[in-house]
Amino acid sequence: MPNKINISDDIIKELIKSADNARKNAYAPYSHFKVGAALYAAKDEDNFNIITGCNVENASYPAGNCAERTAVFKAVSEGYNNFKAIAIIGGDDIYTSPCGICRQVLREFVAPNIFYVIMAKNENDYVIKTLEELLPMSFGPESLKK
Ligand code: THU
């Protein structure tokens with residue numbers, strides 16, 4: 001199904017800027033790979049806000065958390081349940097792509113074909129994919145209701 005991206009360039013830039021700011025707070029003493037994420041989220045149909053996250057590593061490596069999940073868990077815990085897009089930045093030389101676990105966590109709260117993942121090097125250089133493209137034939141809440 002073709003997708004029409006219904007997010008303005010201004011909002012995309014704002015999300016990337018917010019993700020880049022959140023990246024400054026990344027706690028990544030083990031990988032030294034700092035990541036920032038910014039989720040475009042609303043508590044109902046309208047009034048979207050930007051909720052950010054960064055990766056938070058741990059001396060017990062698997063206990064660490066990715067930037068995307070930090071943003072999702074912050075948002076859900078603050079009452080946001082309507083997500084339109086997420087911007088991710090892990091440096092200016094690669095498009096940082098969400099890991100499999102983060103894709104699945106995002107999947108829980110969105111319609112995959114209308115949720116946009118913005119993988120950015122900077123405000124003017126980014127790739128956008130739908131979650132459906134990154135996680136095809138996904139398993140979600142509806143799968144359990146059949
Ligand atoms: N990381 C993220 O936070 N998001 C991604 O999309 C890719 C990976 C983090 C996890 C870990 O702290 C570090 O980057 C290296 O994998």
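Analyst: We can go through the aromatic pairs, then the charges over rings, the cysteines and a strand. Keep in mind that this is a predicted model.

User: How many aromatic pairs does a search of the whole structure find?
Analyst: It finds three aromatic pairs. In one of them, the ring centres of Y30 and Y61 are 5.4 Å apart with the planes at 40°, so that pair is tilted.

User: And where do Y30 and Y61 lie?
Analyst: Y30 is in the loop between α1 (9-23) and β1 (36-42), and Y61 is in the loop between β2 (49-54) and α2 (67-77), so the pair ties together parts that are 31 residues apart in sequence.

User: Is Y61 buried or exposed?
Analyst: Y61 is exposed, at 61% relative accessible area. Y30, at 36% relative accessibility, counts as partly exposed.

User: What about Y40 and F48?
Analyst: Their ring centres are 4.9 Å apart and their planes are at 25°, which is under 30 degrees, so the pair is stacked. Y40 and F48 are both buried.

User: Which rings have a charged end over them?
Analyst: The charged end of K43 sits over the ring of Y80, 5.0 Å from the ring centre. K121 has its charged end over the ring of Y95, at 4.5 Å from the centre.

User: Switching to cysteines. How many disulfides?
Analyst: Zero, from a search of the whole structure. For C54, the closest cysteine sulfur is in C66, 11 Å away, which is too far for a bond. C54 is buried, with a relative accessible area of 11%.

User: Now β1. How many of its residues are buried?
Analyst: Seven of the seven, so β1 is largely enclosed by the rest of the structure. Both faces are covered: G36, A38, Y40 and A42 are buried on one side, and A37, L39 and A41 on the other.

User: Which strands does β1 pair with?
Analyst: β1 pairs with β2 in the antiparallel sense over six bridges, and with β3 (residues 82-89), also antiparallel, over seven bridges. On the β2 side, A38 stands opposite T52. In β3, A85 is the bridge partner of Y40.

User: What sits in the hairpin of β1 and β2?
Analyst: There are six residues between the strands, and N47 takes a positive phi near 60° in that hairpin.

Key: Residues numbered from 1 in each chain as written. Predicted model: local features only at pLDDT ≥ 70, side-chain atom pairs only at ≥ 80, totals over all residues. Heavy atoms only, no water. Phe/Tyr/Trp six-rings, centres within 6.5 Å; stacked < 30°, edge-to-face > 60°. Helix = DSSP H or I, 4+ residues; strand = E, 2+ residues; numbered from the N terminus. Buried < 20%, exposed > 50% of the residue type's maximum accessible area, 1.4 Å probe, protein only. Lys NZ or Arg CZ within 6 Å of the ring centre and 35° of its normal. Disulfide = S-S within 2.5 Å. Pairing = 2+ DSSP bridges.
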